[in-house]
Amino acid sequence: MTSTTSAPDRLDQADALDAFRADRVYLGADHRRNERRTWIVTAICVATLVALVAGGLATRSMALMASGLHMAAHVVALVVAAAAYALARRHAGNPAFSFGTGKVGYLAGFANAVVLAVTAVLIAVESVNRLIRPGEVHYDSALPIAAGGLVVTLVCMWLLKPTTVAAERYDPQGDLNLSAAHLHLTADAAVSVLALAAIAAGEFLGLGFADPLAGLLAALLVAQFAWTLLRRAGAALLDINPSPELTAEVRRRLSDEGERVIDLHLWRLGPGHHAVIAVIAAAHPMPVATYRARLAGLAGLSHVTVEVRGESRGHDEHCGHGHG
């Protein structure tokens, strides 16, 4: 195997590498907007948390306490999410991060999934305890507090709703850090609805068991949300292929004139950003820049590394390698 990289190829490779070094910021399109709104929602949730916990202690409502506990988890989750945005933005140009800081949000999302799972366990344990040892619940006082908590959660969900820009063609998950925070609030809204139903059942129908039962249902729902988020964040952190469709399109373009794609790897760099490494074998190989040009304009593809090998007498010859 011999190297036959031409002088023009070497210049192309150097230019591409310089461009890569100068532009490895793989943050989401709405990074600053999402960071700002996350801090706003954090402040709102802190105020709501105080009201829910105080109301739950005063009325002895397990459903209301479940909503309060879940709101506490939101505060932690939102602080983690907001801090991840700030950290990723601050170190976006730090050369210590080989592929930028776009994955900081995925790490925050995974941490928030763990917080959700712990919250589900806490709610379940306390609900079972209330089923075994029922206590008096002041439904008339708990009802307006639960309703107020639901309204606040819905407002926060609206503030953190992802924009259409965040979801690229080949990355429908968009900004997972924002999605994790939004999922926390969605779970809280569901818990609040269950709390309202349980409080109403106790107040108007005399069904005292409905309150802890609602807590158990809430725990199961939160656990499901946690599992969903763990799978999504874990897949990004472990570099599992995020888009078979994008992979197939890259392979098709690179083998457009009969070349063989003998190795291909695709992974996420950040929201809406993917990297690809491809090794191509061809009987009559063209310059690396030609193959990179075939992938130009492909939505969601932000960094490309291509290696070209010539096929001669059943053996491969290394012909060029380029970044972009």
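## The overall fold

Read from one end of the sequence to the other, the chain runs α-α-α-α-α-α-α-α-β-β-α-β-β. That makes nine helices and four strands, where helices (H or I, at least four residues) and strands (E, at least two) are DSSP runs numbered from the N terminus. Of the chain's 324 residues, 48% count as buried; here buried means under 20% relative accessible area, exposed means over 50%, and partly exposed is what falls in between, with a 1.4 Å probe and protein chains only.

A word on what you're looking at: this is a predicted model, in which local features need pLDDT of at least 70 and side-chain atom pairs count only at pLDDT 80 or more, while totals for chains, interfaces and linings use all residues. Residues are numbered from 1 along each chain as its sequence is written, and side-chain values use heavy atoms, with hydrogens and water left out.

## A greasy patch on the outside

Start with the surface. Leu69, Leu107, Phe110, Val114, Val118, Leu122, Leu237, Leu238 and Ile240 make up a nonpolar patch there, and together they have about 780 Å² of accessible area. To join a patch, a residue needs over 30% relative accessible area and no salt bridge; nonpolar side chains (Val, Leu, Ile, Met, Phe, Trp, Tyr) are joined within 5 Å, and like charges within 9 Å. The areas come from the Shrake-Rupley method with a 1.4 Å probe, and for residues only the protein chains shown count as cover.

Which helix gives the most to the nonpolar patch? That's helix H4 (residues 104-132), with five residues. Val118 is found in helix H4, and with 45% relative accessibility Val118 counts as partly exposed.

## Charged pairs

Side chains of opposite charge can pair when their charged atoms come close. The structure holds seven salt bridges, each one a side-chain nitrogen of Lys or Arg within 4 Å of a carboxyl oxygen of Asp or Glu. Glu249, Arg252 and Arg253 are linked in a network of them. Arg252 pairs with Glu249, with 2.9 Å between the closest N and O atoms, and both sit in helix H8 (residues 244-254), three residues apart, about one turn of the helix. Glu249 also meets Arg253 in a salt bridge (2.8 Å, N to O); these two are four residues apart in helix H8, so about one helical turn separates them. Is Glu249 buried or exposed? Glu249 is buried, with a relative accessible area of 16%, whereas Arg252 is partly exposed at 45% and Arg253 is partly exposed at 22%.

Another salt bridge joins the side chains of Arg294 and Glu259 (2.9 Å, N to O). Arg294 lies in helix H9 (residues 288-294) and Glu259 in the loop between H8 and strand E1 (260-270), so this pair ties together parts that are 35 residues apart in sequence. Arg294 counts as buried at 15% relative accessibility, and Glu259 is buried too, at 8%.

## Empty space inside

Rolling a probe the size of a water molecule over the atoms shows where empty space is left.

## Two loop residues

Most residues other than glycine have a negative phi. Asp239 has a positive one, near 60 degrees. Asp239 lies in the loop between helix H7 (210-237) and H8 and is partly exposed at 38% relative accessibility.

Leu298 lies in the loop between H9 and strand E3 (301-312) and counts as buried at 5% relative accessibility.
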